Amino acid sequence: MIDGLVSGVLPAEWWTTIARLSNLAAAALFIVGIKMLGSPATARRGNWLAAVGMAMAIGVTLLDRSAVNYGALLATLVAGSVVGLIAAKRVAMTDMPQMVGLLNGLGGAASALVAAAEYWRIVNTGAPVPTDTAVTVIAGLLIGGVTLTGSFMAFAKLQGLVTGAPITFPLQQPVNFGLLVGFLASGAYLLIHPGDLTVLWLLTGISLVQGVLVVLPIGGADTPVVISLLNSLSGLAASAAGFVLGNEMLVIAGALVGASGLILTQIMCKAMNRSLTNVLFGAFGSVSTATGGGGSGDAGSHTVRSIDPEECAMMLGYARSVAIVPGYGMAVAQAQHAVRELADQLERLGVDVRYAIHPVAGRMPGHMNVLLAEANVPYSQLCDLDDINPDFERVDVALVIGANDVVNPDARDNPQSPIYGMPILEVDRAKHTIVIKRSMNPGFAGLDNALFYEDKTMMLFGSAKEKVSELVASVKELS
C-alpha cells in the first residue's frame, strides 16, 4: 500500500511502477558496482555506482513508507553522512582495516535493532507474530549481535587495544557451544511464547557475548580473514532485517554483501592454505618465534647480512629486473609514495619494475592494492602471486618492504612450521633479495622468517619511508 509522501500526489499504480523500476535499477547498480570492485582499474567507478544505487533505494523507501517524523529521519541521514565523510577523509590508510571492522559492527547492530524493533512493534499491537517473522528476527539477532561485538573485538585487536595474539581459556569451545545451545533453546521458547519480550533481551545478550568469545581466540594473520567473514555476516543480518520488514531492496543488498564477503573469505583462506574452521578454531598466532628446524633457513645456522642504502641503490640501479614486495610495514610507514618515486627513478635507468602482491598482505583484503593505487602506481605493474612466482628466478633483485609472513620460505619447505602449505611470494628464488625492516621482530603470525638468514638475503634496517627515501636520493645519483 502506498502511504508515504507520494500518497495523493501520484496515482497508486503509477507510483508502484516507478518504485519497482527504481528498485530494479538500484539492484542492477549494486551488482555492477560489486563486479567493478574486482579490478583496481574500475573499483572507484564501481563504488560510485553502488553508492548511487543505495541512494536510490533509500529515497524510494522513504517515499514509499510512512514515517513518524521525516524531519528526524532527514536529520539523522545528514548527521550520519557528515560523520562518514569526515571519517573517510581523516582515517589513515593504515587504519582502514579498523574502520572496516567498525562499519561491519555498526551494520550488524543496525540490522539487529531493526529486527528487534519490528518484533516489539508487532507484539505491542496485540497481533499474533507470524512464525516466519519470529524465526527471521531470531536469526537476525544472532547474526547482528555476533557481528557487532565480534567486529568491535577485531577492531580492538588491530588497534592494539587488545593483544593481537589468540586469547584462550580452559573449556573455551564448550562454553561457546553451550551459549549457542542456550540461544537456540531460548529462540525455540520465544517461538512458543512470542509475547515474552524478556526472552528477546536474553537472546540479544547471548549473541553479544557470543561475538566476543568467537573472535577472542583468533589472532595473527587470521584477523583479516575474520574481518571479511564479519563483513559477510553484516550483509546476512541486513538481509534478515529486510525479510522482517518486507523490504526487497534490503534483502537484495544484504544478500549481495553476504555472498561477496563469503567468497572473499574463501579466497583468503585458500591464499593461506587453511580452512575456515581452522581459522575460527585453530588459535593460530600464539606460537613461539622459533622456526622449528628443518626449514630452508634455520636461524641457528645462519647470520644476518646487512646492507647500507648506497650499496642497495647500486644493486637496484644496475639491475635489469626488480620486483617490489610491499607489506604492512610499508603501510605503517606510509611509504607508498616514496616507493612509487623509487620505481620511477629505476625505470628512468631502464630497470623493469613490477610489484608482487600477496592476497593477504597487510591487515585487510586488497590492502596493498589500495595503498599503491593511492600513490598512482600503474595497474599494469601489479602482479598477483600466481603471475609473479614463476618469474622470480629471472628477477635480479626482490625488494621486500615491510612484508614478513607472506615471503617466509618455511611455508614451502618446513613441514614443522605452523604456516607450512601457505602459498607465499617466492622471493628467495630471486638472484638477490633485499628486505627493508625495522628490526628482526617476527611478523603478525609470530614466526621467525627463514628468508632473513638466506645467503642471498640482505637486510636494510629502518623505517620503510626513511630508507626508501634514502634509496631514491642515491639512485638519482646513478646516471
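Which side chain does Glu118 meet in a salt bridge? Select Glu118 and Arg121: their side chains pair up, with N to O at 2.7 Å. Keep in mind as you go that this is a predicted model. Both residues sit in helix H4 (residues 96-125), three residues apart, which is about one turn of the helix. Glu118 is buried, at 15% relative accessible area, while Arg121 is partly exposed at 45%.

Next, pick Arg394 and Asp391. Here's another salt bridge, with the closest N and O atoms 2.4 Å apart. Arg394 is exposed, with a relative accessible area of 54%.

Now hop to Arg429 and Glu426, a salt bridge whose closest N and O atoms are 2.9 Å apart. Arg429 is partly exposed at 34% relative accessibility, and Glu426 is buried at 17%. The model's salt bridges come to 13.

Time to go inside. Select Val325, Phe392, Val400, Val407, Leu425 and Val427, the residues that touch the most other members of the largest nonpolar core, which has 46 residues. Elements giving two or more residues to this core include helix H5 (131-159), strand E1 (321-326) and strand E4 (397-401). Helix H8 gives the most, with five residues.

Glu477 comes in the segment after helix H17 (464-476) and is exposed, at 65% relative accessible area.

Definitions and conventions:
Residues are numbered from 1 along each chain as its sequence is written. This is a predicted model: local features need pLDDT of at least 70, side-chain atom pairs count only at pLDDT 80 or more; totals for chains, interfaces and linings use all residues. Side-chain values use heavy atoms; hydrogens and water are left out. Helices (H or I, at least four residues) and strands (E, at least two) are DSSP runs, numbered from the N terminus. Buried means under 20% relative accessible area, exposed over 50%, partly exposed in between (1.4 Å probe, protein chains only). A nonpolar core is a set of buried Ala, Val, Leu, Ile, Met, Phe, Trp, Tyr and Cys residues joined through side-chain atoms within 4.5 Å. A salt bridge is a side-chain nitrogen of Lys or Arg within 4 Å of a carboxyl oxygen of Asp or Glu.
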